[in-house]
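Take a look at the model below. We will go through it step by step, from the fold to the charges.

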Amino acid sequence: MVQDALDFYKPDEPDRNWERMQPRIAYLEAERAKALDEIEQAKDYIDELNDELGKLRFGDE
């Protein structure tokens, strides 16, 4: 049984599935980076709104 597994596993040969998935992985990583940037921008906007609300509520202008 172990010998069958060793015969199947060939570390010197490239994994075709891995190579085939690379463009999809790159696309998903780029989309994730864009989404994280959008989240950061939204957090910054929320912080600005909170600052302005705090100034208006407590008269710190």
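How many helices and how many strands does the secondary structure of the protein chain come to? The count is two helices and zero strands. Keep in mind that this is a predicted model.

Next, consider the surface. The protein chain has 61 residues, and 2% of them count as buried. The chain exposes about 6,300 Å². Carbon and sulfur atoms supply 55% of that area.

Now turn to the charges. Side chains of opposite charge can pair when their charged atoms come close. A search of the whole structure finds one salt bridge. Its partners are K34 and E31, whose closest N and O atoms lie 3.0 Å apart. How covered are they? K34 has 45% relative accessibility, so K34 counts as partly exposed. E31 is partly exposed too, because its relative accessible area is 31%.

Which residues form the negative surface patch? They are D37, E38, E40, D44, D47, E48 and D51. Take D47 as one of them. D47 is found in helix α2, which covers residues 16-58. D47 has 43% relative accessibility, and therefore counts as partly exposed.

Terms used. Residues numbered from 1 in each chain as written. Predicted model: local features only at pLDDT ≥ 70, side-chain atom pairs only at ≥ 80, totals over all residues. Heavy atoms only, no water. Patch = residues over 30% accessible without salt bridge, like charges linked within 9 Å, V, L, I, M, F, W, Y side chains within 5 Å. Areas by Shrake-Rupley, 256 points an atom, 1.4 Å probe, with all protein chains shown as cover. Salt bridge = Lys/Arg side-chain N within 4 Å of Asp/Glu carboxyl O. Lys, Arg positive; Asp, Glu negative; His and termini not counted. Charge placed at Lys NZ, Arg CZ, Asp CG, Glu CD. Helix = DSSP H or I, 4+ residues; strand = E, 2+ residues; numbered from the N terminus. Buried < 20%, exposed > 50% of the residue type's maximum accessible area, 1.4 Å probe, protein only.
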